Amino acid sequence: MQKESKIRDPLILGNKTYHDITRDIARPVEGKANKYWWILFSLAAVLMLWGFACMAYTIGTGIGAWGLNRTVNWAWDITNFVWWIGIGHAGTLISAVLLLFRQKWRMAINRSAEAMTIFGVAQAALFPLIHMGRPWLAYWVFPIPNQFGSLWVNFNSPLLWDVFAISTYFSVSCVFWYIGLIPDFAMLRDRIDKKLSPMKKNLYGLMAFGWSGKAKHWQRFEEVCLVLAGLATPLVFSVHSIVSMDFATSIIPGWHTTIFPPYFVLGALFSGFAMVETLLIIMRKVVNMEAYITIKHIEYMNVIILFTGSLVGVAYITELFMAWYSGVEFEQYAFLNRATGPYWWAYASMMTCNVVIPQLYWIYKIRTSFVATFILSIFVNIGMWFERFVIIVTSLHRDFLPSSWTMFSPTFIDIGIFVGTIGFFFVLFLLYARAFPVIAQAEIKSILKSSGSEYKK
Amino acid sequence: MRDKIIHAIFDDEQDVLKVVKELKDNNIVVNEVYSPFPIHGLDPILGLKETRMAITAFIYGCIGLSFGGLLIYYIMISGVGKSWPMNIGGKPNSTFYHNLPSFVPIIFECTVLFAAHLMSITYLIRNNLYPGSKTTSPDPRTTDDKFLVEILYKEDKNNIIGLLEKSNVTEINEKDES
């Protein structure tokens, strides 16, 4: 039997039995949605539809509908893309890296964090797709034999690495998520209380793939999860490294930096954890999971945010130092312009939200407060969006030729698409919270007797 | 004579471990254990061999690595590469190894893609999991909070019942009286 120290804080609160866990996790699926769910859902759906309209307009008229110009030829599209991909990373870190480190607190949050990963990466993928202008030709990015003679994709290009990295990441995340969901769908299928309509029950039966929980099946299940975690761990680091190489392999001052891969990965984990907190703090209330997603879980995540936030701060300072130390005047100007040029406000927001504000988590009272964490997580989300904006737009807007220096201003289409992806993301997440078991109940049951508060007395 | 079946139902995984060990020590056939979550330490007692899922993942990963390598070799170097000579970053595409550093990301992604997907498919096939497959669990409560031990016997029924009754068993169901 697993043993755990008595002084370690419990991960499951209240006097729970295995059956209570089943009931608690099936409740949101079996019950009716409350008022708050409908309000949030309607709001998100409106934003989503607005976003879709803006996307349709872009595809109909062309990329000229955006605020891009000849100098700043990459702006919100790639900013949003990198931001969404980064948000996805926390899900894989929680489900894969923390599994390898045998962190039990991951069990209550991994399901939702992985859902966030999948939905976040889906939003990210929309941006390159729309940016193609003719999304129905998107299959051209894959190396498939074609009728254009010997025209193939270029394997030397980081943009193609991105195609492979993101499609692999998305599909492996989906598989990892689904493998873990099978036993939980089986739990919903087998509920005796029969609150579900027969159609829903059959649907869960279909999705449970006939899972029966035999000893051999569990043995394979654990091994497959472990190996998938082992595969997903280098994958998650490779994905954001490759995203950073979209910039780092170019020769633009401010982008041409070897520090980018680790710096982007850390930033991704940092922003991803912030988004997990934003979502979970709302979700635990809306679907009554207070006993499973406790302040201890939030505190652990805050410690990771503090750690990655500080490392991101070190990366910012290293960048500045290296720009000065390199002696390259273009590099020096790019960074001087970033901090003190016309976009100083974006740089200042980034520094405040990402470096200064997370330092508040050194204070015990703040990192163990739901309200403070929620507010700070929003700041981190904003700060990380600004980080990408700063890296992309400030490096471009004053290029080698001063006569072409200019500023970037987004059109309402740019804003509409970004807001639309936020709406789309929340629509998916809210639907998930009503239709899926939001906590990996099989895993939670396996730690109940070692980490449950009632069994620790 | 057909084997008869007893289903013993438990509330706690520790009781299952104790009972299965005791039954095995008495040379009684424990056919299967159904549980709502994996019971650690049960596999060696039941006599289950170690699973080879990780080995399949390694093999599939090797296939992915070779696939990625060959794909790029054909497209960039040997086949099509010859008809479109390119020089990217001072590295002419006439040799594979000169260009290898920029091929590493995609070869790596192919390795992971193959290993993860093919292993998961193997897992589903080996466990007979597919949409429309029916559960073989004799009791729906085994995905909720009950642990079911399936025992096969021919005649020494009273001995088995006696052993079970000494444990914390909550239900004993005799399935097949034929």
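User: How many Å apart do the C-alpha centres of domain 1 of chain B and domain 2 of chain B lie?

Analyst: This is a predicted model, in which local features need pLDDT of at least 70, side-chain atom pairs count only at pLDDT 80 or more, and totals for chains, interfaces and linings use all residues. Residues are numbered from 1 along each chain as its sequence is written, while chains are lettered from A and ligands numbered from 1 in the order in which they are written. Chain B is divided into domain 1 (4-36 + 145-174) and domain 2 (53-126), with bounds from an automatic or database domain assignment. The separation of the C-alpha centres of domain 1 of chain B and domain 2 of chain B is 51 Å.

User: Which helix supplies the largest share of the side of chain A that touches chain B?

Analyst: Contact is defined by C-beta atoms, placed from the backbone, lying within 7 Å, and 51 residues from chain A and 57 residues from chain B take part. At least two residues each on the side of chain A come from helix 1 (18-30), helix 5 (158-189), helix 7 (215-248) and helix 15 (441-451) of chain A, helices being DSSP runs (H or I, at least four residues; strands are E, at least two) numbered from the N terminus. The largest share, 16 residues, is that of helix 7 of chain A.

User: How many residues of the side of chain A that touches chain B are nonpolar?

Analyst: Ala, Val, Leu, Ile, Met, Phe, Trp, Tyr, Cys and Pro count as nonpolar, Asp, Glu, Lys and Arg as charged, and the others, Gly among them, as polar. On this side of chain A, 14 residues are polar and eight are charged. The nonpolar residues number 29.

User: Why are helix 7 of chain A and helix 8 of chain A described as oblique to each other?

Analyst: Axes are lines fitted to C-alpha atoms, for helices over the stretch in contact, and angles run from 0 to 180 degrees between N-to-C directions. Angles under 35 degrees count as roughly parallel, over 145 as roughly antiparallel, 65 to 115 as roughly perpendicular and the rest as oblique. The axes of helix 7 of chain A and helix 8 (residues 260-286) of chain A come within 8 Å. The helices are oblique because their axes cross at roughly 125°.

User: What is the orientation of helix 8 of chain A relative to helix 9 of chain A?

Analyst: The axes of helix 8 of chain A and helix 9 of chain A are 9 Å apart, at an angle of about 150°. Helix 8 of chain A is therefore, relative to helix 9 of chain A, roughly antiparallel.

User: Is Asn27(B) buried or exposed?

Analyst: Asn27(B) has a positive phi of about 60° although it is not a glycine, and lies in the loop between helix 1 (13-25) and strand 2 (29-34) of chain B. A residue is buried if 20 or more other C-beta atoms (placed from the backbone) lie within 10 Å of its own, exposed if 12 or fewer, and partly exposed in between. Because Asn27(B) has 7 C-beta neighbours inside 10 Å, its class is exposed.

User: How many Å apart in space are Ala435(A) and Val29(A), C-alpha to C-alpha?

Analyst: Ala435(A) belongs to helix 14 (residues 412-435) of chain A and is partly exposed, with 14 other C-beta atoms within 10 Å. Ala435(A) and Val29(A) are 406 residues apart in sequence. In space, their C-alpha separation is 5.3 Å.

Definitions and conventions
Contact = placed C-beta atoms within 7 Å.
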